[in-house]
Amino acid sequence: MATFTRNRRGRRLVARLGLVGAERGLEIAAYVVGPGHGHTDLYEDWARLSEISEDGVVLVRPDAHVAWRSITVVDDATAALDDALRAVLARPRSRDAAENVGALAQA
């Protein structure tokens with residue numbers, strides 16, 4: 001999977017997404033699209049089509065479909081990202097998975 005954001009403020013959300021992905025054994029590439037970041041949006045087409053603010057993030061599946069989008073940074077980004085990956089991968093939440101493993105160990 002890959003994430004795209006429009007500036008460095010969005011990178012904080014991308015970094016959290018990387019941590020949440022790592023907990024699930026996923027490698028998530030991160031790209032910043034804009035002037036001075038290696039990926040130029042010369043005519044602002046990507047900015048318009050992505051439908052995110054400058055600190056928003058788009059999560060793209062390997063088949064190039066948008067899996068999740070955060071128009072702007074949310075208050076509890078880690079929970080939002082965990083929910084997004086859970087939905088995309090059809091897996092339980094990280095906390096739920098830990099609780100399930102704990103319950104099985106006690107049984």
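## Strand E1 and its antiparallel partner

In strand E3, Val 58 is the bridge partner of Phe 4, and Thr 3 stands opposite Leu 59 in that strand. These pairs belong to the antiparallel pairing of E1 with E3 (residues 57-60), which extends over 4 bridges; strands here are DSSP runs of E with at least two residues, numbered from the N terminus, and two strands pair if DSSP finds at least two bridges between them.

The model is a predicted one, in which local features need pLDDT of at least 70 and side-chain atom pairs count only at pLDDT 80 or more, while totals for chains, interfaces and linings use all residues. Residues are numbered from 1 along each chain as its sequence is written, and side-chain values use heavy atoms, with hydrogens and water left out.

## The parallel partner and the sheet

Strand E1 (residues 2-5) is also joined to strand E2 (residues 29-32), the two running parallel with 4 bridges between them, and Ala 2 stands opposite Ala 29 in E2.

The open sheet contains 4 strands in the order E2-E1-E3-E4, and its pairing is mixed. Because E2 and E4 (66-70) stand at the edges and each has a single partner strand, one side of each is left without a neighbour in the sheet. From one strand to the next the twist averages 20°, with axes taken as lines fitted to C-alpha atoms and angles running from 0 to 180 degrees between N-to-C directions.

## Thr 5

Thr 5, found in strand E1, is buried (under 20% relative accessible area, with a 1.4 Å probe and protein chains only), its relative accessible area being 0%. The side chain of Thr 5 reaches the backbone oxygen of Gly 56 at 2.7 Å.

Conventions:
Buried < 20%, exposed > 50% of the residue type's maximum accessible area, 1.4 Å probe, protein only. Polar contact = N/O pair within 3.5 Å; in protein donor to acceptor, adjacent residues only side chain to side chain.
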